[in-house]
Amino acid sequence: MASAPNAGRPLAVGLLALQLVVLALALPAYEGPDEPFHLGRARVAAGQALDLHTIDETLLTSLQASPCGPDLQRTAGCPAYGAGSAWWNALEPVDAVFGAGSQGASAQRIGNYQIHQPPLYYTAAGVLLRALDGVAGPLAPRHQLVALRLLSVLCVLSGVAWALRRLDVACGWLLVMLLFLPGAGEALVRVANDAPLFAWSAGFLLWARPRTDGSRPHALGLGAVAAVGPMLKLTAAPILVYVAADRLRRGDVRGALAVALGGAVILPIQIARGWAWGGTLEMAAPGREYDTWIEPIVGIAHSAYTFFKTALWLGGWSVVKPPVWILVAAVAVVGAGLVRARPRIERGSWVWPHLAAGIAATAGFVAFALGKERLFGVWGAVGGWYFWSWSPWLMLAWQECTRPLERDRPSGDRLWIGGAVTFVLVIGLTWLRSVDAVYGGV
């Protein structure tokens, strides 16, 4: 007979699917961080815009007719929230989308800083937009936004399905519950390449592990699937490092080499696209001399705090700030989880692949934090949405750290699961109350 937690997991996944779909439909248009710029790339791939380097006029007109947060107000001149409810406005009819409020899109050019992103997600999104145009006729940008948000939802649910096949009961529950956090929902539902990377991470990590019969994936297959990750987003790097290191520790040198070579395919592709060395637009910006050696250390610490905060809580492109007690409670819950799980971190061979991936993730974060400061002149511009594409790997690390692989202890985890559910529910309700006041009421 299935245990109670395991039996309840389909219900939890169903509720998660419902929440993600509601977020995709209800969140104000262009509210997700960087959404207009990701959509702009997809419109170019769909043949609906010509210039990869700027936001096209049709999209800019739609954006300028939509209420938005301070960052987009400064960038695009769209009106602030407050004139009426912004909930569900992505579903408004086309004539409402292009109504009064445009502030001269034809006279304004806005650069698209997402041009340095790898092309795979945008190519797929462009194919979807062309197909929808063929079925329903030309879609307004807001309606394209909704379609691509729903594509993100499908990617998240696919990744969850993959993860639940190999994670034990408690870790599977933990992953599902974490995805109820507002930071996770808004980060993964938005139009961006993070949700596809989440799905790839879950699938690749767990497919690459040994089977129960001792068989393992062929090296050629490992290399081919490895190549997909960085073609979606360069934050695939820690996942590639983990899988390559894990194959190496298991004696599969060919598999490890295939993963490394597959992941490296992105380098000549990005260089051919005019990719500045350093990997991002930020690292191509001119640097500056720091006043003291302590400034970058404090700045990176500030960026780490922002990363943690926004992984839990997003909203309004800096309009909505989480209460301090939310952050304190999150630290307390993580600490309680560590104590409850009685982690068995020891000098075992399973540790070092995760350690290698952690070093890669940390190095990437530091480089990105420095690059963001070079480009924008401020610290703390690295958002926590990057965390969620790594969450399947972190759940796997948590599983191996806290209990033997494939061992379930559902009865002992009920108290922990109940406490985590309560915590996530409180955060979600607090977030909803906060953003509802900003967006103008449901």
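Eleven salt bridges are counted in this predicted model, a salt bridge being a side-chain nitrogen of Lys or Arg within 4 Å of a carboxyl oxygen of Asp or Glu. Local features need pLDDT of at least 70, side-chain atom pairs count only at pLDDT 80 or more, and totals for chains, interfaces and linings use all residues. Residues are numbered from 1 along each chain as its sequence is written, and side-chain values use heavy atoms, with hydrogens and water left out.

One of the salt bridges joins Lys233 to Asp194, with the closest N and O atoms 3.0 Å apart. This pair links distant parts of the chain, 39 residues apart: Lys233 lies in the loop between helix H11 (219-232) and helix H12 (237-249), and Asp194 in helix H10 (residues 194-207). Helices here are DSSP runs (H or I, at least four residues), numbered from the N terminus. Lys233 counts as buried because its relative accessibility is 5%, and Asp194 is likewise buried, at 0%; buried means under 20% relative accessible area, exposed over 50%, and partly exposed in between (1.4 Å probe, protein chains only). Arg190, Asp194 and Lys233 are linked in a network of salt bridges.

Another salt bridge pairs Asp246 with Arg250, the closest N and O atoms being 2.9 Å apart. Asp246 is buried at 3%, whereas Arg250 is partly exposed at 30% relative accessibility.

Attention now turns to helix H18. In H18, 16 of the 18 residues are buried, so the helix is largely enclosed by the rest of the structure. A kink of about 55° lies at Ser391, shortly before the proline Pro392; the bend is the angle between axes fitted to the seven residues ending there and the seven starting there.

Terms used. Helices (H or I, at least four residues) and strands (E, at least two) are DSSP runs, numbered from the N terminus.
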